[in-house]
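Here's a quick briefing to read alongside the model.

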Amino acid sequence: QLQLVESGGGSAQTGGSLRLSCVASGRAFDNYAMAWFRQTAEKGGECVAGTSWSGESQYYSRSVKGRFTISRDNAKNAVYLQMNSLRPEDTGVYYCAADGPRPRALLVTTVSSEFDYWGQGTQVNVSS
């Protein structure tokens with residue numbers, strides 16, 4: 001079992017930055033691939049970023065590539081989403097999610113139904 005708790009949401013202006021954190025409780029965090037999803041009014045649900053167990057393999061959606069960065073610290077059981085150059089269309093609820101457990105988990109999917117564990121979500125509001 002893995003419990004995920006997000007933090008760091010809030011409000012920003014267009015062009016600003018926010019950093020989301022997700023801390024997991026449970027064992028063997030590095031046995032999970034991790035991802036950030038968001039729910040927005042425009043696009044519904046979307047996987048915006050994902051990472052393998054080591055952080056070496058990463059995925060970004062076209063809408064955030066070059067602006068968002070996913071990272072993880074397995075020693076702290078944490079995954080982060082650094083969001084720069086924010087736009088109003090980034091407004092939504094952001095969720096971290098875990099896929100696993102399996103040893104040295106690669107990121108093999110960005111489909112929400114394939115992720116086994118979810119945080120409660122954190123709201124991000126970007127004003128123009």
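**A buried arginine, a buried threonine and a sheet**

Arg67 is buried, with a relative accessible area of 9%, so it falls under the 20% cut-off for that label. Keep in mind that this is a predicted model. Arg67 sits in the loop that links strand E6 (58-60) to strand E7 (68-73).

**Around Arg67**

- Leaving aside residues up to four places away in sequence, Arg67 touches Gln82, Met83, Asn84, Ser85, Leu86, Arg87 and Asp90.
- One of these, Ser85, has its backbone oxygen 2.9 Å from a polar atom of the Arg67 side chain.
- Pro88 is 21 residues from Arg67 in sequence, and their C-alpha atoms are 13 Å apart in space.

**Around Thr51**

- Thr51 belongs to strand E5 (residues 44-51).
- With 0% relative accessibility, Thr51 also counts as buried.
- Its contacts, again not counting residues up to four places away in sequence, are Ala33, Met34, Ser57, Gln58, Ile70, Arg72, Val79 and Leu107.

**The sheet**

- Four strands make up an open sheet, ordered E1-E3-E8-E7, with antiparallel pairing.
- Strand E1 (3-7) and E7 are the edge strands, so each of them pairs on one side only.
- From one strand to the next, the twist averages 15°.
- E7 and strand E8 (residues 78-83) run antiparallel and are joined by six bridges.
- Asp73 has Ala78 in E8 as its bridge partner.

Conventions
Residues are numbered from 1 along each chain as its sequence is written. This is a predicted model: local features need pLDDT of at least 70, side-chain atom pairs count only at pLDDT 80 or more; totals for chains, interfaces and linings use all residues. Side-chain values use heavy atoms; hydrogens and water are left out. Helices (H or I, at least four residues) and strands (E, at least two) are DSSP runs, numbered from the N terminus. Buried means under 20% relative accessible area, exposed over 50%, partly exposed in between (1.4 Å probe, protein chains only). Contact means heavy atoms within 4.5 Å. A polar contact is a pair of N or O atoms within 3.5 Å; within protein, one must be able to donate a hydrogen and the other to accept it, and residues adjacent in sequence count only if both atoms are side-chain atoms. Two strands pair if DSSP finds at least two bridges between them. Axes are lines fitted to C-alpha atoms, for helices over the stretch in contact, and angles run from 0 to 180 degrees between N-to-C directions.
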